[in-house]
Amino acid sequence: IKDIILNMKYDHDARKDFIKYLRIHYSTESKKLDDFERNYQPHSAIWWYTREGFIFSELNKALRTQDNDLLIKMGFLIQDLYRQIEQLHAENN
């Protein structure tokens, strides 16, 4: 699944679909969802992942339960995390 997600092409609609999913499952987090929708940028993926809230728990739950549908919905974020970690790793070597 890693290779599939890292090689998929995601567009702006992928983020909208993920946000729609989150709004259904995290209706009490509407302020954080609004913030994510307005301010998410690929270069800040690690910050969003480590920020208190829904991203960390959703991604870890999807990985733990092998929820491939959710992993694909989050694919744009996984790609951004992967790229940012690669970049940080290269800078530190």
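Glutamate 58 is buried, with a relative accessible area of 2%; buried means under 20% relative accessible area, computed with a 1.4 Å probe and protein chains only. You will find this residue in helix H5, where helices are DSSP runs (H or I) of at least four residues, numbered from the N terminus. This is a predicted model, in which local features need pLDDT of at least 70 and side-chain atom pairs count only at pLDDT 80 or more, while totals for chains, interfaces and linings use all residues. Residues are numbered from 1 along each chain as its sequence is written, and side-chain values use heavy atoms, leaving out hydrogens and water.

What does glutamate 58 touch, not counting residues up to four places away in sequence? Its contacts (heavy atoms within 4.5 Å) are Tyr21, Leu22, Tyr26, Leu70 and Met74.

Serine 44 also counts as buried, at 14% relative accessibility. Look for serine 44 in the loop between helix H3 (30-39) and helix H4 (45-50).

Here are the two residues' polar pairs (N or O atoms within 3.5 Å, one able to donate a hydrogen and the other to accept it; residues adjacent in sequence count only if both atoms are side-chain atoms).

| Side chain | Partner | Distance |
|---|---|---|
| Glutamate 58 | Tyrosine 21, side chain | 3.2 Å |

Of its 24 residues, Phe18, Leu22, Phe36, Ile55 and Leu77 touch the most other members. Helix H2 gives the most to this core, with 5 residues. Leucine 77 is in contact with Tyr40, Ala45 and Ile55, leaving aside neighbours within four places in sequence.

Note on methods: Helix = DSSP H or I, 4+ residues; strand = E, 2+ residues; numbered from the N terminus. Buried < 20%, exposed > 50% of the residue type's maximum accessible area, 1.4 Å probe, protein only. Core = buried A, V, L, I, M, F, W, Y, C linked by side-chain atoms within 4.5 Å.
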